[in-house]
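The following note sets out points on the structure shown below.

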Amino acid sequence: MAIIEERCYVLHTSATPADYLKLYEAEGLAVQSEALGSPLGYFATETGELNAVVSLWRYESFEDRQARRTKLASQQAWKDYLAKVRPMISSMSNRLLSPAAFSALK
């Protein structure tokens with residue numbers, strides 16, 4: 001059964017979602033997509049936890065996720081990107097979700 005990973009990055013007040021997304025699009029998206037596949041979605045929050053970005057990723061299984069994330073973590077371009085983006089981030093969280101049988105995302 002597939003799993004969906006929801007990742008949330010809450011930014012320091014000195015950074016905006018637009019700042020984060022600009023850097024991500026320029027330096028992170030290609031390398032991350034090469035390892036993980038294309039994200040299901042990437043969002044900036046408008047209510048609730050503000051100054052945050054949320055992404056959704058699909059994996060075939062927990063083991064598939066582990067293998068892809070290990071591949072990503074080994075890439076120098078990803079390490080270089082993280083060195084630039086981590087100072088923007090105040091906190092991070094993720095959840096692994098199991099889609100219902102009738103879910104459009106599965």
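1. Ala67 is partly exposed, its relative accessible area being 47%; buried means under 20% relative accessible area, exposed over 50%, and partly exposed in between (1.4 Å probe, protein chains only). Ala67 lies in helix H2, where helices (H or I, at least four residues) and strands (E, at least two) are DSSP runs numbered from the N terminus. Between the C-alpha atoms of Ala67 and Val10 there are 26 Å in space, and the two residues are 57 residues apart in sequence.

2. Basis of the values. The model is predicted, and local features need pLDDT of at least 70, side-chain atom pairs count only at pLDDT 80 or more, and totals for chains, interfaces and linings use all residues. Residues are numbered from 1 along each chain as its sequence is written, and side-chain values use heavy atoms, with hydrogens and water left out.

3. Helix H3. In helix H3, residues 76–85, the buried residues are Trp78, Tyr81, Leu82 and Val85. Seen down the axis of H3, these buried residues fall within an arc of 105°, so they line one face of the helix; the arc is that of the directions from the helix axis to the C-beta atoms. An α-helix has 3.6 residues a turn, so residues three or four places apart point the same way. The partners against which the buried residues of H3 pack are helix H1 (17–36), helix H2 (62–73) and strand S4 (89–97). Tyr81 illustrates this packing in detail: not counting residues up to four places away in sequence, Tyr81 touches Tyr20, Leu23, Tyr24, Glu27 and Gly28, contact meaning heavy atoms within 4.5 Å.

4. The nonpolar core. Which residues of the largest nonpolar core touch the most other members? They are Leu11, Tyr20, Trp78, Tyr81, Val85 and Met88, out of 20 residues in this core. A nonpolar core is a set of buried Ala, Val, Leu, Ile, Met, Phe, Trp, Tyr and Cys residues joined through side-chain atoms within 4.5 Å. At least two residues of the core come from each of S1, H1, strand S3 (52–59) and H3. H1 gives the most, with six residues.

5. The largest pocket. The largest pocket holds about 220 Å³ of space. Of its 16 lining residues, Arg7, Tyr9, Arg69, Trp78 and Leu82 are the closest to its centre. On a 1 Å grid over the protein atoms alone, a pocket is an open set of points where a 1.4 Å probe fits, with protein on both sides within 12 Å along at least five of seven lines, and lining residues have an atom within 4 Å of a point. Grid points are joined across faces, edges and corners, and a volume is the space filled by probe spheres set on the points.

6. Make-up of the pocket lining. Strand S1 (3–11), H1, H2, H3 and S4 each give two or more residues to the lining of the largest pocket. H3 provides the largest share, four residues. By type, the lining has 11 nonpolar, two polar and three charged residues; Ala, Val, Leu, Ile, Met, Phe, Trp, Tyr, Cys and Pro count as nonpolar, Asp, Glu, Lys and Arg as charged, and the others, Gly among them, as polar.

7. Arg7. This residue of strand S1 is buried, with a relative accessible area of 13%. Neighbours within four places in sequence aside, Arg7 is in contact with Val53, Val54, Ser55, Trp57, Arg65, Arg69, Ser93 and Asn94. Arg7 and Leu56 are 49 residues apart in sequence, yet 6.5 Å apart in space, C-alpha to C-alpha.

8. The loop between S2 and S3. Asn51 lies in the loop between strand S2 (41–44) and S3 and has a positive phi of about 60°, although Asn51 is not a glycine. At 22% relative accessibility, Asn51 counts as partly exposed. Leu50 is placed in the loop between S2 and S3 and is partly exposed at 49% relative accessibility. Leaving aside neighbours within four places in sequence, Leu50 is in contact with Val10 and Thr45.

9. Is Gln75 buried or exposed? Gln75, in the loop between H2 and H3, counts as buried because its relative accessibility is 17%. Not counting residues up to four places away in sequence, Gln75 touches Val31, Glu34 and Ala35. Ser98, in the segment after S4, counts as exposed at 56% relative accessibility.
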